Amino acid sequence: MNLTLSKKQLQLKNDIVSQNVPEIYVLGSAQSGKTFSICLSLLEYAKNLYNYDRDKQYNGCIVGWTIDTLKSNIVENFLQIFGKFGWTNKKEYELSWSSSEEKYLKIYNLKIFFFGFNNITSFNKILGKPLIMEWVDESARIYTQRQLQPSFDELPGREVSFANHPYLKTIHSFNVEGSSRHPYKETYIDNKPNAKHYTFFPYDNPLLNTEEKIRQVVNMFPPGALRQQKVFNEWVVAEGKVFSELNIIKDSIKKEYHK
């Protein structure tokens, strides 16, 4: 089953499924295709990990704001992809979402646990699990909460037993949450020059393939800081320059939104 991906989505996918790319940070505007790309890529990542070592059971985790947001933001994307592939639960994959049990997705020999991270006790549920893969969705939003920052900073400790493993993987996906002095930006973006960094805009989503669709996405947000954050990925909080004109070059990956 072929799925249409943009050039940037393919680049991100290649980094996720490849060996020796341990840290990836994905900033993305609303509906830019970043989450779908990561979900799709993790299926191939799990297959590559299985081919690398079929005899070992690996654990990973996907962390989000709450279990409910993980279900709507992440699990629904997985289910959409499984449906396109014709995969069924308990056959090609195993998804457990019982309210009384651990929530996880098992693909090949990788078991991915789901955890919310919106209070100071959240990290306790992750303790004790050696993880080869961590994906933190809404990472900047989580880090906005000062009381969560110490626990958030401890997340890499779950991966230390896999240091130097070729498939060790940390992925953060996030939207802009504030100014250029936001603590997440300063700690996890500005101080990670050796990591892979991506910025997704609406035009990086193959579904938003016309000028009219892009313009409609922009107009869904009021002019000002919110639009600059959620569409143009600008780290701003105060009112600044508002861009009223969009330039779209349809045949080029590097499209300019405003001038």
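In this predicted model, Tyr-108 is partly exposed, with a relative accessible area of 35%, a value that falls between the limit of 20% for buried residues and that of 50% for exposed ones. Tyr-108 is found in the loop between β4 and β5, the latter comprising residues 110-116. The phi angle of Tyr-108 is near 55°, which is a positive value in a residue other than glycine. A positive phi, near 75°, is also found at Lys-90, again in a residue other than glycine. Lys-90 lies in the loop between α3 and β3, where β3 covers residues 94-96, and Lys-90 counts as exposed because its relative accessible area is 64%, the threshold for that class being over 50%.

Strand β4, which spans residues 104-107, includes Leu-105. With a relative accessible area of 1%, Leu-105 is buried, since that term applies to values under 20%. When its neighbours within four places in sequence are left aside, Leu-105 is in contact with Phe-78, Phe-82, Tyr-93, Glu-94, Leu-95, Leu-110, Lys-111, Ile-112 and Phe-114.

The packing of two helices was examined next. Helix α1, formed by residues 7-17, packs against α2 at an angle of about 35°, and the axes of the two helices are 8 Å apart. The crossing of α1 and α2 is right-handed. On the side of α1, the contact is made by Gln-9, Leu-12, Lys-13, Ile-16 and Val-17, while α2 contributes Lys-34, Ser-37, Ile-38, Ser-41, Leu-42, Glu-44, Tyr-45 and Asn-48. Sorted by class, the residues of this contact comprise six nonpolar, four polar and three charged.

The largest pocket has a volume of about 660 Å³. It is lined by 25 residues, of which Gln-31, Gly-33, Phe-36, Asn-77 and Asn-205 are the closest to its centre. At least two residues of the lining are supplied by each of α2 (34-52), α3 (67-85) and β7 (169-174), and the largest share, five residues, comes from α3. In terms of class, the lining of the largest pocket consists of 14 polar, seven nonpolar and four charged residues.

Terms used
Residues numbered from 1 in each chain as written. Predicted model: local features only at pLDDT ≥ 70, side-chain atom pairs only at ≥ 80, totals over all residues. Heavy atoms only, no water. 1 Å grid on protein atoms, 1.4 Å probe; cavity = no way out; pocket = protein on both sides within 12 Å on 5 of 7 lines; lining within 4 Å. Points joined across faces, edges and corners; volume = space filled by probe spheres on them. Helix = DSSP H or I, 4+ residues; strand = E, 2+ residues; numbered from the N terminus. Nonpolar A, V, L, I, M, F, W, Y, C, P; charged D, E, K, R; others polar. Buried < 20%, exposed > 50% of the residue type's maximum accessible area, 1.4 Å probe, protein only. Contact = heavy atoms within 4.5 Å. Axes fitted to C-alpha atoms, helices over the stretch in contact; angles between N-to-C directions. Left-handed = near helix turned anticlockwise from the far one by under 90°.
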